[in-house]
Amino acid sequence: TERHVMTLLRDTLAVARIDSAAALEGADSLTPAIVERGDLGFDRVLDEQRYRMSMVARLNDGIDYAARQRNKFLVEYHKKYAIPVACFVFVLIGAPIGVRARRGGLGFAMGMSTLVFVFYYLALTGGENLADRRLLPPWLGMWISNIVFFVFGMWLLRRTARETASRLWRLPRWW
């Protein structure tokens, strides 16, 4: 079919046709034969080629639709696990913010927690949209926000532990 379509697109005056003579000569059924415009079967062959092209386009659309549906289901599957893991990630971010809230007051804690939640929500929905459009793999689209916020939480936790550690008791260097 691809050879027939390419022949049709390459030269509009010459169309690929499966003729019975080619089959009798031992050629495969996809061997193209050139048909001139004055031939009586030209319109029939042209219609066959248009039908084949539309069939290929429909099959490609079906494959594309199936891939989009598969991605949507995989995104939902990964979302079921990524959102509960976000609770642990929020604890890693919330603990250092809570320690700093004693110095900055309740307004600081509320503002920072709201800011963290808004950024997390934007990252989660952005990753979901990118995965639905097949720009990212579904697992990465749903887990990227957790990964980024986990790294940010570990950095905050480490920074807060360094600031509050006394001189007698220190965390190991690798921490």
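Colleague: Let's begin with Phe90: what is its relative accessible area, and is it buried, exposed or partly exposed?
Modeller: Keep in mind that this is a predicted model. Buried means under 20% relative accessible area and exposed means over 50%, with partly exposed in between. Phe90 comes out as partly exposed, with a relative accessible area of 28%.

Colleague: And Tyr120, is that buried or exposed?
Modeller: The same cut-off of 20% applies here. Tyr120 has a relative accessible area of 5%, so it is buried.

Colleague: How are the rings of Phe90 and Tyr120 arranged?
Modeller: A pair of aromatic rings is described by the distance of the centres and the angle of the planes. A search of the whole structure turns up five aromatic pairs. For Phe90 and Tyr120, the ring centres are 5.0 Å apart and the planes sit at 70°, so this pair is edge-to-face.

Colleague: How many residues apart in sequence are the parts that this pair ties together?
Modeller: Phe90 belongs to helix 3 (residues 42–104), while Tyr120 belongs to helix 4 (residues 106–132), so the pair ties together parts whose separation in sequence is 30 residues.
The two also belong to one aromatic cluster, and its other member is Phe149.

Colleague: Okay, what about the rings of Phe152 and Trp155: stacked or edge-to-face?
Modeller: Both residues lie in helix 5 (residues 138–164), three residues apart, which is about one turn of the helix. Phe152 is partly exposed at 33% relative accessible area, and Trp155 is partly exposed at 45%. Their ring centres are 6.1 Å apart and the planes are at 25°, so the pair is stacked.

Colleague: Which backbone oxygen does the side chain of Asn146 reach?
Modeller: Asn146 sits in helix 5 and is buried, at 4% relative accessibility. Leaving aside neighbours within four places in sequence, Asn146 is in contact with Ala82, Val85, Ala86, Val89 and Tyr120. At 2.8 Å, its side chain reaches the backbone oxygen of Ala82.

Colleague: Which residues make the nonpolar surface patch, and what is its area?
Modeller: One of its members is Phe117, found in helix 4 and partly exposed at 48% relative accessibility. The patch is made by Leu115, Phe117, Val118, Phe119, Tyr121 and Leu122, with an area of about 610 Å².

Colleague: What is the phi of Arg134?
Modeller: Most residues other than glycine have a negative phi. Arg134 lies in the loop between helix 4 and helix 5 and is partly exposed, at 38% relative accessibility. Although Arg134 is not a glycine, its phi is positive, at about 65°.

Colleague: Which residue does Glu128 meet in a salt bridge?
Modeller: Glu128 is buried, with a relative accessible area of 15%. It lies in helix 4 and its partner in helix 3, so the pair ties together parts 49 residues apart in sequence. At 3.0 Å, N to O, the partner is Lys79.

Colleague: Stepping back, in what order do the elements of the protein chain run?
Modeller: There are five helices and two strands in the chain. From the N terminus on, the order is α-β-α-β-α-α-α.

Colleague: Last one: what share of the protein chain's residues counts as buried?
Modeller: The accessible surface of the chain comes to about 12400 Å², with 65% of that belonging to carbon and sulfur atoms. Buried means under 20% relative accessible area. Of the 175 residues, the share that counts as buried is 26%.

Note on methods. Residues numbered from 1 in each chain as written. Predicted model: local features only at pLDDT ≥ 70, side-chain atom pairs only at ≥ 80, totals over all residues. Heavy atoms only, no water. Phe/Tyr/Trp six-rings, centres within 6.5 Å; stacked < 30°, edge-to-face > 60°. Helix = DSSP H or I, 4+ residues; strand = E, 2+ residues; numbered from the N terminus. Buried < 20%, exposed > 50% of the residue type's maximum accessible area, 1.4 Å probe, protein only. Patch = residues over 30% accessible without salt bridge, like charges linked within 9 Å, V, L, I, M, F, W, Y side chains within 5 Å. Areas by Shrake-Rupley, 256 points an atom, 1.4 Å probe, with all protein chains shown as cover. Salt bridge = Lys/Arg side-chain N within 4 Å of Asp/Glu carboxyl O. Polar contact = N/O pair within 3.5 Å; in protein donor to acceptor, adjacent residues only side chain to side chain. Contact = heavy atoms within 4.5 Å.
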